[in-house]
Amino acid sequence: MDLTTLRSAVTLLSFLVFAGIVYWAWRAQNKVRFDEAANLPFLDDDSEVPQSSANLERANNVEKATK
């Protein structure tokens, strides 16, 4: 394997990683999570925690209690 082949392989691998990240970021399944994360700086107090985050915290507390 010469240097040109290695460079081509690294370029191809980099492109595939980039395409995978773009696919992951634009999936509809991630929209709710990303919208919640985008609004986190605007929350004033703990009472405004998004519902899915509250469910995650509750699940973590249940898990800790069962140990």
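Helices here are DSSP runs of at least four residues and strands are runs of at least two, numbered from the N terminus. On that basis the protein has three helices and zero strands, and its elements follow the order α-α-α from the N terminus on. The model is a predicted one.

**Confidence and overall surface**

The mean pLDDT of the protein is 83, and 69% of the residues score at least 70. Helix H1 has the highest confidence, with a mean of 96, whereas helix H3 (residues 51-66) has the lowest, with a mean of 66. The protein has 67 residues, of which 4% count as buried. Its accessible surface is about 6200 Å², and carbon and sulfur atoms account for 64% of that area.

**The aromatic pair**

How many aromatic pairs does the structure hold? There is one aromatic pair. The ring centres of Trp24 and Phe34 are 5.4 Å apart and the ring planes stand at 80 degrees; planes over 60 degrees apart count as edge-to-face, so this pair is edge-to-face. The two residues belong to distant parts of the chain, with Trp24 in helix H1 (residues 3-26) and Phe34 in helix H2 (residues 31-39), 10 residues apart. Trp24 is partly exposed, at 41% relative accessibility. Phe34 is partly exposed too, with a relative accessible area of 31%.

**The loop between H1 and H2**

Asn30 sits in the loop between H1 and H2. Is Asn30 buried or exposed? Its relative accessible area is 6%, and buried means under 20%, so Asn30 is buried. A polar atom of the Asn30 side chain lies 2.6 Å from the backbone oxygen of Trp24.

**The salt bridge in H2**

The structure has one salt bridge. It joins the side chains of Asp35 and Lys31, at 3.1 Å from N to O. Asp35 and Lys31 are both in helix H2 and four residues apart, so about one helical turn separates them. Asp35 is partly exposed, with a relative accessible area of 36%.

**The nonpolar patch**

Which residues make the nonpolar surface patch of about 730 Å²? The patch is made by Leu12, Phe15, Leu16, Phe18, Val22 and Trp26. One of these residues, Trp26, is placed in helix H1. Trp26 has a relative accessibility of 74%, and exposed means over 50%, so Trp26 counts as exposed.

**Accessibility of the residues discussed**

The table collects the residues for which a relative accessible area is given above.

| Residue | Relative accessible area | Class |
|---|---|---|
| Trp24 | 41% | partly exposed |
| Trp26 | 74% | exposed |
| Asn30 | 6% | buried |
| Phe34 | 31% | partly exposed |
| Asp35 | 36% | partly exposed |

Definitions and conventions
Residues are numbered from 1 along each chain as its sequence is written. Side-chain values use heavy atoms; hydrogens and water are left out. Rings of Phe, Tyr and Trp (its six-membered ring) pair if their centres lie within 6.5 Å; planes under 30 degrees apart count as stacked, over 60 as edge-to-face and the rest as tilted. Buried means under 20% relative accessible area, exposed over 50%, partly exposed in between (1.4 Å probe, protein chains only). Patches are made of residues with over 30% relative accessible area and no salt bridge: like charges are joined within 9 Å, nonpolar side chains (Val, Leu, Ile, Met, Phe, Trp, Tyr) within 5 Å. Accessible areas come from the Shrake-Rupley method with a 1.4 Å probe; for residues, only the protein chains shown count as cover. A salt bridge is a side-chain nitrogen of Lys or Arg within 4 Å of a carboxyl oxygen of Asp or Glu. pLDDT is the predictor's confidence in each residue, from 0 to 100. A polar contact is a pair of N or O atoms within 3.5 Å; within protein, one must be able to donate a hydrogen and the other to accept it, and residues adjacent in sequence count only if both atoms are side-chain atoms.
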